[in-house]
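Subject: Model of the complex, with notes on its contacts

Dear colleague,

I am passing on the structure we spoke about, and my notes on it follow below the display.

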Amino acid sequence: MFRYIGVRLMHSLVILALVTVLVFVIAQLIPGDAIMAAMAGNVDMHDAQVVARVRHQFGLDQPILVQFAVWLQHFVRGDWGTSIGTGENVLQMFLHRLPITLELFFGATLWAVAIGIPVGIVGALKRNSALDMFLTAGTIVGVSIPAFWEAIVLIYLLAVVFPIVPPSGYIPFGEHPLLNLRAMLLPTFVLGTHSGGLLARYVRSSLLEVLGQDYIRTARAKGLSERAVVVRHAIKPGMIPVVTVIGLSWGGMLAGAFFVEVIFAIPGLGRMGVEAIFQRDFPVMQATLIVVSLNVLLVNLSVDILYGYLDPRVRVRA
Amino acid sequence: MSEVVRVAPIPPGRSRSARLALLRAVFQHRLASVGLGIIAVLCFIAVFAPLLAPYSPYDQDLYKVLAPPSAAHWLGTDNLGRDLFSRLLYGARVSLFVGIVSSALSAALGVAIGLVAGFNGGVIDAIIMRVTDAFLCFPPLIFILAMSAALGPGLQNVMLSFALFGWTGFARITRGQVLQIRELPFIEAARAIGMSPYWIMRRHILPNAVAPILVAITITVGTAILIETGVSFLGLGVQPPTASWGKELRIGFTYLETAPLFSLAPGLMISLAVVAFNFVGDGLRDALDPRLRGAGLVRR
Amino acid sequence: MEQVFDRREFILGFVAASFGTLAVRQGSATAASGAVLDQPWAVWAKDAKPVRGGYFRIAAGQYIGKMNPNHWPVLDWVSMGYFHEKLMLTDGSYNATVAWLAEQLTWENPQQVLMRLREGVTFHDGSTFDAESVKFQIDWIRDPTSKTWDVSWLAPLDSVDIVDKQTLRWKFKTPWASFAGVVSNVPGYVMSEKALQADAAKYDSQPEGTGPYIVEEANPGNFLKLKRNPNWWFAKASNNPDMPYFDGILVTVIPDPAVRLANLRAGKIDVLTLEKSQYAGVKSDPEFQVYRIPGNHVNALRFNTAKGVFQDLRLRKAVSHAIDRQALIAGTQFGLARLASCIYPADHWCHNPDLKPVNYDPDLSKRLLSEAGYSGGLSVRGYYNNTSMGQTIAEAVKSMLAKVGIDWQVDVLAPAAVAARMQAVDYDLAEGGWVFIYDPDLMATGLYHPAGGFNFGRSKNETAIALIEAGRKEVDREKRQSIYWQLEKVLYDSYEDAWLWWEETAVAYRQAVQGLDLEGYLKYKEAWFWSHPLWFKDGKA
């Protein structure tokens, strides 16, 4: 087991190094820098001297390799620099926004579980019936609708036409828990419907696989009611992929989270990252890419180790 | 995109009847049929847009912007007074084109890399797999966004950016297939006889790997359309005055209050297309899995 | 996500211009008396009974960023004005003639100004505003270790000398006509010497100004909360001890315009600068008071006259006459814009009233094209910004030019890419214009002088350049105005750029907000805005 973990760990380190190289390549390829981006729309930059001065203050007149090397040195030591676009300390920005995005993810996961598991179970139990087809179609539709479209439609239905929830805005949980939850209702729902759809499909197929096993047939032969069979013997093993699916879907949630964060005015990581790309805000962009990748890496690593623990064959094969 | 689908390998000589059986299974699958139907309609629209559209998608009328639906303009007009219905019809061309080409490019790149990895094994395989993993650490949209920003505006660059990320899924699938198949006795036999690896790949490995790749291509078309929407939504992508659904959705979004149809209609088309491709991919996958519905061993 | 004009015009919010075209002619540079109560705008409605109370809630597209105006970046100048005040303000024609924290300006000679400061002003941290604090601040800005971005605005300054506790003498290296304009702009925001000296870095997030509101809580990226300043100097000086009336101001960051409107409708914010497409739906809503206010920006297309086809005047004329400005305004601006003749808007003191907007004449364009040898069609390249509005304008113009046979291959680009092309002068015809036209030299130099930060050599009109340089040195206001009138004529006659429109903004207030006076605002603009704080009916939102 330890050898397995060791190998996986080594792989992860290699991947991390490759990710860093990729981030650098991206930064290198994207033309322009934050000050130039600001130039286009900001007449405070009307003077070439001003532009040159600000670029110099931010070290943007150095070659990219130098900038990146300097940045990386500071980054690993915990100094994430200052955002060129907003002037905030980057680490502070992260720490401010991380809990918010996490809350969004947790909420979305709750919705996904609340929607996905029942739908998946029903789909498996009533396999190939009209209900199953309807549910399958529903889950695929849930996955396919662009998140931003779904969000806008829902805002107007549930926040303007029938003012049930606020149209946007974020209130920190510490400040007012109830209002915070109310404000997060719609955003988490929109984000959750996607993962919910995916989850439903996984649950369904996993449960079907379990139901096809011999020991289920034995339980039925023993005379147990279908309900007892399902509840006592099928559900728990059927849920194994759930955890891993949820974990793995967090990586994909970030993109959806961006749209949700912009539309609902939630100050989260997703929005910060993409805006940084547009504004060529290198410190923020690089930090976001690495942190996000690290997150996915860690999740994958944990899942790998978990699988290795649960299924010895995986260990050997690797 | 990176699912590993377990498929019963088809010994040589049985491929043709197996393929027919596959097609039959797909058609029998109701959802997939619906999907195919939708795709057929969309393709028809795309091809015959010039004949179907009542107006040119480029005719502006600045005194009739954001007009509500009327007899003259069935879906109303857009922010430059152009007929929205015509724009949507022409938009099908761009969106479908982007979806299909992006997917095909990704497949071409990914399959090639996957074959190399799977067949060679050892260090080459290890390196390629780590590189794949590194790419997959990035959220797709962000990576493609960055690539689009780097490459510049325009449709080709969006497709290229997509392929630069999308190859990863295909590489994984292909490699998985190669690994499964190459251990089989008849492959060993072929190698023992002295057949060239290239011939073995072509004759034995590829035909068997085709099925899950096909599933992946179908689903990737839907993903590519969504990505194009996302990229257009954020301001990159297709240049004016070309109509793409993603671009219409983006501009329509700013006028949501005054002209909801402007964003609802393209949004609907996008969803339809993506749903249709997902249905078909779903049906294909179901038809291929020998262990009865569901996806067998699935790892995303 | 909307950038460029949308964001900036929102940031300032209530910038306005009068509907009249009278150019305000002022006397020479000495103000009569600096006392507040002697000023023409210091009139408050007798029957209005302002009530104190409530938090005034504003929505901003972006968080303010740094709160030291001299550090990059500052992204919300409206909020900045609530806690930082300037030495001078601009009047109804955007001329820096209004004494604010500087009570009187006397030009001893074109290279020397005597400035008397207002007494009885304290910073939020309790320290005193006087000659010493201003000198410290100016020296701090010019110190390279302070890393300020606007230090080049003070380039002509030689020294600032203390004459007595309330008086400074400013000495310039050359005659500096823009001086008043500069101290009514970024370097003129007065900051506490005590705070700067203690910790200049901390000042970015904990500013100490003199304004009507004090920074209470800053949540970067999310909101900014300000609370009432009970010791605001203006309340005493104007005999309005209850000013300011709100208990505080809450600025919430909401990047999406549709969501901002939804918040306004839901009663969660008290004022909103509307998107033009939203105006029609909101203007007759009885819940709101909606004002249509002309804005201080010019929207134009820029020509590359350094190389390429647009060195030929006929082709520039062809382009300019091929554009139907009325239709553009109707379709892309929903009618919310004013036809532009040249660079300075109709209510700006440098606007030449004899110039008329270029008329729409596609036949003339076609004739000019074939005269220049392009009867078979002309192909030119360019770019425009990639916001929704930018794309709309680009497409509309492209279609108009196509009708006369000009194929404008316009790329719609993100800001960094726009800046790259602008710097490389890699275009024939591209997006142009200017936002926030205050001192006339800033824009004139920026666009038409070789050293200008938005020029990069694309425009080299010798007569214009000579006038621009003369305008920098002419201290007499009337003579200076005539120089800029001539400049407009020169640029106009040579079709240096194709000017499209001057801005208009629509602002909606909830009915509970009181104290709005459109007429007064149009007449005195910035001076009116800061001297006439608003209040809530019954003291609550």
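One convention is needed for what comes next: angles between axes that are under 35 degrees count as roughly parallel, those over 145 as roughly antiparallel, those from 65 to 115 as roughly perpendicular, and the rest as oblique. Please also keep in mind that this is a predicted model.

The helix pair that calls for this convention joins chains A and B. The axes of helix H6 of chain A, residues 130–144, and H10(B) come within 9 Å and cross at roughly 130°, and H6(A) and H10(B) are therefore oblique to each other. The crossing by which H6(A) passes H10(B) is right-handed. On the H6(A) side the contact is made by Ile140(A), Val141(A), Val143(A) and Ser144(A), while H10(B) brings Ser271(B), Val274(B), Val275(B), Asn278(B), Phe279(B) and Asp282(B). Sorted by class, the residues of this contact are six nonpolar, three polar and one charged.

Turning to the whole contact between these two chains, 38 residues come from chain B and 41 residues from chain A. On the side of chain B that touches chain A, at least two residues each are supplied by helix H2 (30–52), helix H4 (122–136), helix H5 (140–151), helix H8 (197–233), helix H9 (245–254) and helix H10 (261–288) of chain B. H10(B) has the largest share of that side, with eight residues, and the side as a whole has 26 nonpolar, six polar and six charged residues.

Chain A is also in contact with chain C, where 46 residues of chain C meet 40 residues of chain A. Strand S10 (248–253), helix H8 (257–265), helix H14 (415–424) and helix H15 (440–448) of chain C each supply at least two residues of the side that touches chain A. Of these, H14(C) gives the most, with six residues, and by class this side of chain C has 27 nonpolar, 12 polar and seven charged residues.

Finally, a word on confidence. The predictor gives the complex an ipTM of 0.77 and a pTM of 0.83. Chain C averages a pLDDT of 89, with 94% of the residues scoring at least 70, but over residues 1–31 of chain C the pLDDT is below 50, although this stretch has 87 contacts in the model beyond near neighbours in sequence.

With best wishes

Methods: Residues are numbered from 1 along each chain as its sequence is written. Chains are lettered from A and ligands numbered from 1 in the order in which they are written. This is a predicted model: local features need pLDDT of at least 70, side-chain atom pairs count only at pLDDT 80 or more; totals for chains, interfaces and linings use all residues. Two residues are in contact if their C-beta atoms, placed from the backbone, lie within 7 Å. Helices (H or I, at least four residues) and strands (E, at least two) are DSSP runs, numbered from the N terminus. Ala, Val, Leu, Ile, Met, Phe, Trp, Tyr, Cys and Pro count as nonpolar, Asp, Glu, Lys and Arg as charged, and the others, Gly among them, as polar. pLDDT is the predictor's confidence in each residue, from 0 to 100. Axes are lines fitted to C-alpha atoms, for helices over the stretch in contact, and angles run from 0 to 180 degrees between N-to-C directions. A crossing is left-handed if the near helix is turned anticlockwise from the far one by less than a right angle, and right-handed if clockwise.
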